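Reader: Could you take me through this one slowly? I would like to understand how the parts are put together.

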Amino acid sequence: MIYTINNIKVTDLAKDFGTPLYVYDGNRIEENIKDLKNSISYPKLSIKYACKANSNLHILKLIKENGLGLDTVSYGEVFLGLKAGFAPEEIIFTGDNTTEEEFEYCVKNNVMINIGSIFQLDLFGSLYPNSKIMIRINPDVGAGHHDHCITGGPASKFGIYIDQIDEAKKIAKKYNLKIVGIHSHIGSGILDVDIFIEAMDIILNEAKKFDDLDIIDIGGGIGIPYYEHDKPIDIKLLGAKITNKIESFNKEYKKEVNLYIEPGRYIVGNAGYLLAEVVNKKKTPLFNFVGINSGFNHLIRPMAYGSHHRIINGSNYNSEKKEFVMVAGNLCESGDIFTKINGEKEPYKIDEIRYKDILVIMDAGAYGFSMSSNYNFRERPAEVIIKDGIVRIIRKREKLEDLLRGME
Ligand SMILES: Cc1ncc(COP(=O)(O)O)c(C=O)c1O
């Protein structure tokens, strides 16, 4: 049997567009957006898609059509967001270690800036006194699927630590900066409703100490199941609890604030697939290796975080015969292995694999292409989207000549 994505056979996609290939299910993206919107009934909710997860211009346009705003972390992402048609007031910029040039770019483009350090607050105030800003707070708790993805707590580089809030207020006063919003993002890949709500409680508690807030931004980080046995987060419960919390806050604060949430992975993660072709099979005393024509230059998560991505043989789906294989990439690195369980290289049980079969690496829509590189001087894949039965190329495959740009 041939595996299909949004009713299109992966073997046809591979034939028509070549491999390796990123494939996105546009309808799935819309469903994810709908699920999140429906779960949080708070009327002054604004979902800011964290475009670092997937910054393809066409995906951004689709997300804009579905009524979301944008969370950006670099001036490049602001540039991209404006190109995709987001209005400046729909975009927020949460930079880290931001340069004066980046501040200037955001100010010139009227994009709200969210500042995450006392030093940078002082710098920004000296350059742009009398501005409206947001501040990012580190609420002293963190969570996430990997150390690298935990962005709250004492070991994190992000945010103004909760015990430095008075100092932040003093600096704001010195430069007549109006703090109109506070923000926190404690980590990524969170599947536990209570962790979110715990962080939200802390931020709401701090929010009471500010007089002029219009915005409370509770960050992103909603996880998706990567393992077969992972349970999806109870999005309805999460939404209900968030709504409850913000409504109680409003009563006390005597104002209806705007609530921002910044999901990246939740919107695009399970809507993306990386298709690669089998080019080699090899036995060692320990393992059966299957070699594919892609590597961690195209999907770095297994290598960087030990992340698990399910892998399916799209050309021989649900076959009777299975085999235990280690799926290896084509880079000159022994760490270039896609099959990871609990952070370690481990074989997966996959439907029998033959030369030229198309393997489908699942849940690759977030932090896939956006973290890709040209390591080993290899071209990055093409990207296609399937929506309402139509397949469209949304990024051409790179050519070797593209990689020479700037060096000739
Ligand atoms: C400030 C901020 N907001 C939102 C996100 C999106 O996280 P996720 O894709 O896990 O929802 C991140 C991710 O690193 C982030 O740093």
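**Strands, domains and core**

Author: Let us begin with strand E4 (residues 45-50) and strand E12 (residues 258-261), which run parallel and are joined by three bridges. Strands here are DSSP runs of at least two residues, helices are DSSP runs (H or I) of at least four, and both are numbered from the N terminus; two strands pair if DSSP finds at least two bridges between them. This is a predicted model, in which local features need pLDDT of at least 70 and side-chain atom pairs count only at pLDDT 80 or more, while totals for chains, interfaces and linings use all residues. Residues are numbered from 1 along each chain as its sequence is written.

Reader: Ok, and which residue stands opposite Leu45 in E12?

Author: Leu45 stands opposite Leu259, and Ile216 also has Leu259 opposite it in E12.

Reader: How is the protein divided into domains?

Author: There is domain 1 (4-23 + 269-403) and domain 2 (55-263), with bounds that come from an automatic or database domain assignment. The contact between them takes 14 residues from domain 1 and nine residues from domain 2, where two residues are in contact if their C-beta atoms, placed from the backbone, lie within 7 Å.

Reader: Which strands supply the side of domain 1 that touches domain 2?

Author: Strand E21 (382-387) and strand E22 (390-395) each supply at least two residues of that side. By class, the side of domain 1 that touches domain 2 has four nonpolar, six polar and four charged residues; Ala, Val, Leu, Ile, Met, Phe, Trp, Tyr, Cys and Pro count as nonpolar, Asp, Glu, Lys and Arg as charged, and the others, Gly among them, as polar.

Reader: And how do E21 and E22 run, parallel or antiparallel?

Author: E21 and E22 run antiparallel and are joined by five bridges, with Lys387 standing opposite Ile390. Their hairpin has two residues between the strands, and Asp388 takes a positive phi near 50° there. E21 is also joined by five bridges to strand E3 (residues 21-25), in a parallel arrangement, and Val384 in E21 is the bridge partner of Val23.

Reader: Switching topic, which residues touch the most other members in the largest nonpolar core?

Author: They are Val23, Ile216, Leu275, Val327 and Ile361, in a core of 106 residues that draws at least three residues from each of domain 1 and domain 2. A nonpolar core is a set of buried Ala, Val, Leu, Ile, Met, Phe, Trp, Tyr and Cys residues joined through C-beta atoms within 7 Å. A residue is buried if 20 or more other C-beta atoms lie within 10 Å of its own, exposed if 12 or fewer, and partly exposed in between, with C-beta atoms placed from the backbone.

Reader: Does that buried or exposed label come up elsewhere, so is Thr98 buried or exposed?

Author: Thr98 counts as buried because it has 23 C-beta neighbours inside 10 Å, and it is found in the loop between strand E6 (91-93) and helix H5 (100-108). Gly76, found in helix H4 (residues 75-83), counts as exposed because it has 12 such neighbours inside 10 Å.

Reader: Last one, how many residues surround the ligand?

Author: There are 17, and the closest are Ala50, Ser188, Gly220, Gly264 and Arg265; a residue is near a molecule or strand if its C-beta atom, placed from the backbone, lies within 6 Å of it. The residues of this shell divide into six nonpolar, eight polar and three charged.
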